[in-house]
Amino acid sequence: SGGARALAAVVPRLVGLKALGLGGGFVGPEGAASLADALPRAASLTWLNLQGNRCGAESARRIVEAAAHELAGLDLGGNKLSRDGDERSDPLFPSSSSGTKRVRRLDDAPSPASYEDEMVGLASALALKSSLTELSLANNGLDDAFVSAVAQFLPNMPALKSLNLSLNLLTQFDPRLTHLAHLEVLDVSFNGIFALPDAVGDSPAARSLTKLDLRRNQLTALPRSIAKLQKSCNLCLVANPLRHPPLAVALKGLSALRRYFDRRPAPPDP
């Protein structure tokens, strides 16, 4: 943290700094505050890596707000952005502890802001970075409510090409995640998602996606529209309890999925 504060004092002097990598626990909450104070003077910054610093949602919001408007790449993976209080066990990893216990964030301090306030605040800050092309929120214990807050602001990030929400606690796939016409990579692997939207293959992103990572979720069926993804899309479905179609068919790729659905008539409209 002391090192991060020292770095924050140096950052404004590095004229033309375009990339700053601070991954691996170097920052901490105090360093995050110092970094947020310094970043407005680093006007050329386009890439920021804060992976694994456990800064918390409020510190992350301050940093995002302070970063240059032209920021194109942002990695907030492993920053303990999740809700105070409940640590929910992950059904995909039996070794996880069960039950409920108090989890103290590194930036935990008395504050009038609720988790929902912090969630919307961070999502709103991200929405102001309209030049973002890559965003990682992986491994943060995020729930469906947080991702819903982010998803509502995605239209403000039209340049976004890569979105990483892996290793979180999602049970739903928000349809708005695929409403970006230029999205190329969407990673929601290692969650607990039970179903995909019926129209996932008819979404704007269906024509641009080159990778849709759904590994290690709880999918038992795929919608027919998924076969409409472009042929070059890498559809990753390993470790899902698929029955319709069978996992063995799904793992053969989109061509096999198309043949599977072509042999089965579409259900009648309700």
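## A loop residue with a positive phi

Phe 190 is placed in the loop between strand S6 (185-187) and strand S7 (211-213). Helices (H or I, at least four residues) and strands (E, at least two) are DSSP runs, numbered from the N terminus. Although Phe 190 is not a glycine, its phi is positive, at about 55°. Its relative accessible area is 24%, and Phe 190 is therefore partly exposed. Buried means under 20% relative accessible area, exposed means over 50%, and partly exposed lies in between (1.4 Å probe, protein chains only).

This is a predicted model, in which local features need pLDDT of at least 70 and side-chain atom pairs count only at pLDDT 80 or more, while totals for chains, interfaces and linings use all residues. Residues are numbered from 1 along each chain as its sequence is written, and side-chain values use heavy atoms, with hydrogens and water left out.

## Other backbone features

Arg 54 also has a positive phi, near 50°, and is a residue other than glycine. Arg 54 belongs to the loop between S2 and H3 and is partly exposed, with a relative accessible area of 41%.

A cis peptide bond, with omega of about -5°, joins His 244 and Pro 245. Pro 245 is found in the loop between S8 and H6.

## The protein as a whole

The secondary structure consists of 7 helices and 8 strands. The protein has 270 residues, of which 47% are buried. It exposes about 12600 Å², and carbon and sulfur atoms supply 54% of that area. Accessible areas come from the Shrake-Rupley method with a 1.4 Å probe; for residues, only the protein chains shown count as cover.

Among the contacts in the protein with a separation of 6 or more, 67% are between residues 24 or more positions apart. Contact means heavy atoms within 4.5 Å.

Helix H3 (residues 57-66) is mostly covered, with 7 of its 10 residues buried. The buried residues are Ala 57, Ser 59, Ala 60, Arg 61, Ile 63, Val 64 and Ala 66. Their cover includes helix H2 (28-38), strand S2 (47-49), strand S3 (73-75) and H4.

Ala 36, in helix H2, is buried with a relative accessible area of 6%. Leaving aside neighbours within four places in sequence, Ala 36 is in contact with Arg 62, Ile 63 and Ala 66. The C-alpha atoms of Ala 36 and Glu 65 are separated by 8.0 Å, and these two residues are 29 residues apart along the chain.

## Helix H5

In helix H5 (residues 144-153), the buried residues are Phe 146, Val 147, Ala 149, Val 150, Ala 151 and Phe 153. Helix H4 (115-127) is included in what covers them.

Helix H7 (residues 254-262) has Leu 254, Ala 256, Leu 257, Tyr 260 and Phe 261 as buried residues. Seen down the axis of H7, these residues fall within an arc of 155°, so they line one face of the helix. The arc is that of the directions from the helix axis to the C-beta atoms. The buried residues of H7 pack against strand S8 (234-236) and helix H6 (247-250).

A search of the whole structure finds 1 aromatic pair. Tyr 260 and Phe 261 form this pair, which is edge-to-face, with 5.3 Å from centre to centre and 85° between the planes. Rings of Phe, Tyr and Trp (its six-membered ring) pair if their centres lie within 6.5 Å; planes under 30 degrees apart count as stacked, over 60 as edge-to-face and the rest as tilted. The charged end of Arg 264 sits over the ring of Tyr 260, 3.8 Å from its centre. A charge sits over a ring if NZ of Lys or CZ of Arg is within 6 Å of the ring centre and within 35 degrees of the ring normal.

## Cysteines

The structure holds 0 disulfides, a disulfide being a pair of cysteine sulfur atoms within 2.5 Å. Cys 233 is in no disulfide, and the nearest cysteine sulfur, that of Cys 236, is 8.1 Å away. Cys 233 is buried, with a relative accessible area of 6%. Cys 55 also counts as buried, at 1% relative accessibility.
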